[in-house]
Amino acid sequence: MQKRRLSTAEIIYLSFGFLGIQMGFALQNGFASRILQTFGAEVHQLSWFWLIAPVTGLIVQPLVGHYSDNTWTKLGRRKPYFLIGAILASIGLILLPQADLFIAFLPALWVGTGMLMIMDISFNISMEPFRALVADVLNKEQRTLGFTTQTILIGIGAVLGSWLPYVLSEYFDISNRAEDGTVPLNLIWSFIIGAIVLVVSILVTIFNTREYSPEEIALIEKAKSKEIDQVEEVAPKEKAKLSDIFTDFVKMPETMKQLSWVQFFSWFALFGMWVFFTPALAQHFYGLPHTDSSSELFNQAGDWVGILFGVYNLVSIPVALSLHKVASKLGRKKTHLYALLIGGISFFSIYFMPDRYWLILPMIGIGIAWASILSMPYAILAGALNPKKMGVYMGIFNFFIVLPQILNGLIGGPLVKYAYGNQAIFALMLSGVSMIIAAFLVLKVKDVDDIQIKK
């Protein structure tokens with residue numbers, strides 16, 4: 001028995017839920033800092049609030065990966081996890097920009113931080129089971145195409161989330177102005193719409209994707225190994241234990257160890273962009289003081305950040321479409337290396353752009369890097385993993401996404417305040433350095449599938 005070849009439509013349905021997840025994620029990435037500043041957070045404190053995301057990811061994703069590897073329900077293996085995650089995330093999306101409704105009980109900043117935590121936990125519950133689902137369902141020949149398709153849907157969702165506040169304000173006459181301490185109506189409605197799209201897109205995947213049962217997985221493994229006669233002998237003889245996560249961490253494949261350093265510096269760079277882009281733009285291009293977080297000009301800067309974030313996500317769509325072909329000629333390693341180099345140089349160029357409209361140019365370069373970051377490492381990794389451990393290793397791999405974010409979260413704010421004189425633009429320069437380091441570390445990665453193909 002082998003994994004069957006999926007049609008284009010089936011591959012799209014398989015990852016369609018990522019459209020909604022990334023729409024919600026884009027709303028968080030593009031506007032959470034702005035919302036927290038509205039509720040009273042200072043610029044140098046922003047990275048500390050953002051620590052919630054990587055800390056919850058560090059704990060939640062390996063646990064979810066472990067349990068989803070060892071779960072089978074009427075709904076499936078991975079589906080129950082990202083359905084629950086979608087429902088919880090939608091609640092957080094709706095309530096985050098409306099945290100001021102609860103000021104009779106708690107300060108709006110506290111409530112907003114709590115909603116951000118709920119969203120982060122929920123996105124983490126959904127994220128890795130979804131990546132594991134793609135690796136579960138697709139055969140080796142379609143795996144790169146599957147992760148590329150996932151990147152395209154991520155790009156579409158992110159563009160929708162990033163541009164929605166601007167579109168609602170400019171074309172639907174929904175106000176982008178608000179009193180001090182409150183979030184503009186266009187932002188509130190954007191988060192509500194994002195919550196609805198998130199749940200609907202997850203349901204599309206659930207109703208249109210069939211997972212392989214444990215028995216079918218055993219048959220597939222038997223066909224691959226050709227070393228044993230009974231299906232029962234392929235299945236694990238002992239029930240997996242939670243403590244196995246630590247054992248699996250120690251025994252992670254060599255390719256995964258090499259990729260971990262690439263991921264570390266890539267995501268250190270991305271975290272700096274998500275946290276500090278709004279204040280950097282407001283200060284460096286709009287000439288606002290670091291203390292301004294509520295003026296009309298500040299809200300205009302925040303809406304323009306959404307446009308720029310939409311640009312890099314929009315660019316990632318055609319790039320993702322071409323990555324499969326580029327990787328087939330250059331190899332996945334070189335493809336990822338060049339993409340990260342382009343991203344790093346683009347970060348540096350932000351400082352020298354003459355005005356906010358020119359920022360579209362570096363965002364194109366960052367979009368190229370983003371497309372590769374979302375697909376190439378996972379395509380390389382999946383070929384080096386035991387299918388029975390796919391979920392837990394995808395969760396452990398997330399360590400090397402969240403640890404750099406935790407580090408940046410701890411040091412990013414103090415660097416902005418004490419080293420950069422509250423000028424957040426220099427946090428983006430540091431992101432450029434980090435992404436270039438990640439590019440050169442790709443050279444050390446061993447792509448198992450590429451080696452097998454060459455042989």
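How many residues does helix α15 have, and how far does it reach from its first C-alpha to its last? Helix α15, residues 360-373, has 14 residues and reaches 20 Å, close to the 20 Å expected at 1.5 Å a residue, where the expected span is 1.5 Å times one less than the number of residues. Helices here are DSSP runs of H or I with at least four residues, numbered from the N terminus.

Before going on, please keep in mind that this is a predicted model, in which local features need pLDDT of at least 70, side-chain atom pairs count only at pLDDT 80 or more, and totals for chains, interfaces and linings use all residues. Residues are numbered from 1 along each chain as its sequence is written, and side-chain values use heavy atoms, with hydrogens and water left out.

Staying with α15, this helix is mostly covered, since 10 of its 14 residues are buried, buried meaning under 20% relative accessible area, exposed over 50%, and partly exposed in between, with a 1.4 Å probe and protein chains only. Among the buried residues of α15 are P362, M363, I366 and W370.

Let me turn to helix packing. The axes of α7, residues 140-171, and α8, residues 185-208, come within 9 Å and cross at roughly 125 degrees; axes are lines fitted to C-alpha atoms, for helices over the stretch in contact, and angles run from 0 to 180 degrees between N-to-C directions. The two helices α7 and α8 are therefore oblique to each other, given that angles under 35 degrees count as roughly parallel, over 145 as roughly antiparallel, 65 to 115 as roughly perpendicular and the rest as oblique. On the α7 side the contact, meaning heavy atoms within 4.5 Å, is made by L164, P165, L168 and S169, and on the α8 side by N186, L187, W189, S190 and I193.

A second pair is α13, residues 296-330, with α14, residues 332-350, which pack at an angle of about 120 degrees with their axes 6 Å apart, and α13 and α14 are therefore oblique as well. Their contact is made by L323, V326, A327 and L330 of α13 and by R332, K334, T335 and Y338 of α14.

Finally, the backbone. Most residues other than glycine have a negative phi. D173, in the loop between α7 and α8, has a positive phi of about 55 degrees although it is not a glycine, and D173 is exposed, with a relative accessible area of 73%. N422, in the loop between α18 (399-419) and α19 (425-441), has a positive phi near 65 degrees, but N422 counts as buried at 14% relative accessibility.
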